[in-house]
Amino acid sequence: MEVKDLKSMKSKPKTNKKDIKVESTNLTELKSTSIKVDKKTWEDFERLCSNSEFTKQEIITQALKDFMKEYKNLL
């Protein structure tokens, strides 16, 4: 391996960072609750949140909205 090859192995800075689509970040009335979630799923969720500009509350709210929209026939 030559020195010039080392440059190609270095990670490139992230440009065009994609983010989660959140309909509204205006959370005025919040409901506190406790849930139990699979540990691996929660760790993945925390990693996703750390790579986003949105808070966990905003992301969970949007995820629940999307889920309920998909299964609106059960509401």
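Colleague: Among contacts between residues at least 6 apart in sequence, what share joins residues at least 24 apart?
Modeller: Good place to start, and please keep in mind that this is a predicted model. Take the contacts between residues at least 6 apart in sequence, and then ask which of these join residues at least 24 apart. That share is 64%.

Colleague: What percentage of the residues in the protein is buried?
Modeller: A residue counts as buried when its relative accessible area is under 20%. The protein has 75 residues, and the buried part of them is 11%.

Colleague: How much of the accessible surface belongs to carbon and sulfur atoms?
Modeller: The accessible surface comes to about 7,500 Å² in total. Carbon and sulfur atoms account for a share of 54%.

Colleague: Is α2 roughly parallel or roughly perpendicular to α3?
Modeller: Helix α2 covers residues 39-50 and helix α3 covers residues 56-70, and their axes lie 10 Å apart. The two pack at an angle of about 115°. Angles from 65 to 115 degrees fall in one class, so α2 counts, relative to α3, as roughly perpendicular.

Colleague: Is the crossing of α2 and α3 left-handed or right-handed?
Modeller: Look at how α2 passes α3. The crossing is right-handed.

Colleague: How many residues of the contact of α2 with α3 are nonpolar?
Modeller: On the α2 side the contact is made by Trp42, Phe45, Glu46, Leu48 and Cys49, and on the α3 side by Lys56, Ile59 and Ile60. Sorted by type, there are 2 charged residues and no polar ones. The number of nonpolar residues is 6.

Colleague: How far apart are the C-alpha atoms of leucine 30 and threonine 61?
Modeller: Leucine 30 also belongs to the loop between α1 and α2. With 61% relative accessibility, leucine 30 counts as exposed. Along the chain, leucine 30 and threonine 61 are 31 residues apart, and their C-alpha atoms are separated by 10.0 Å.

Technical notes
Residues are numbered from 1 along each chain as its sequence is written. This is a predicted model: local features need pLDDT of at least 70, side-chain atom pairs count only at pLDDT 80 or more; totals for chains, interfaces and linings use all residues. Side-chain values use heavy atoms; hydrogens and water are left out. Buried means under 20% relative accessible area, exposed over 50%, partly exposed in between (1.4 Å probe, protein chains only). Contact means heavy atoms within 4.5 Å. Accessible areas come from the Shrake-Rupley method with a 1.4 Å probe; for residues, only the protein chains shown count as cover. Axes are lines fitted to C-alpha atoms, for helices over the stretch in contact, and angles run from 0 to 180 degrees between N-to-C directions. Helices (H or I, at least four residues) and strands (E, at least two) are DSSP runs, numbered from the N terminus. Angles under 35 degrees count as roughly parallel, over 145 as roughly antiparallel, 65 to 115 as roughly perpendicular and the rest as oblique. A crossing is left-handed if the near helix is turned anticlockwise from the far one by less than a right angle, and right-handed if clockwise. Ala, Val, Leu, Ile, Met, Phe, Trp, Tyr, Cys and Pro count as nonpolar, Asp, Glu, Lys and Arg as charged, and the others, Gly among them, as polar.
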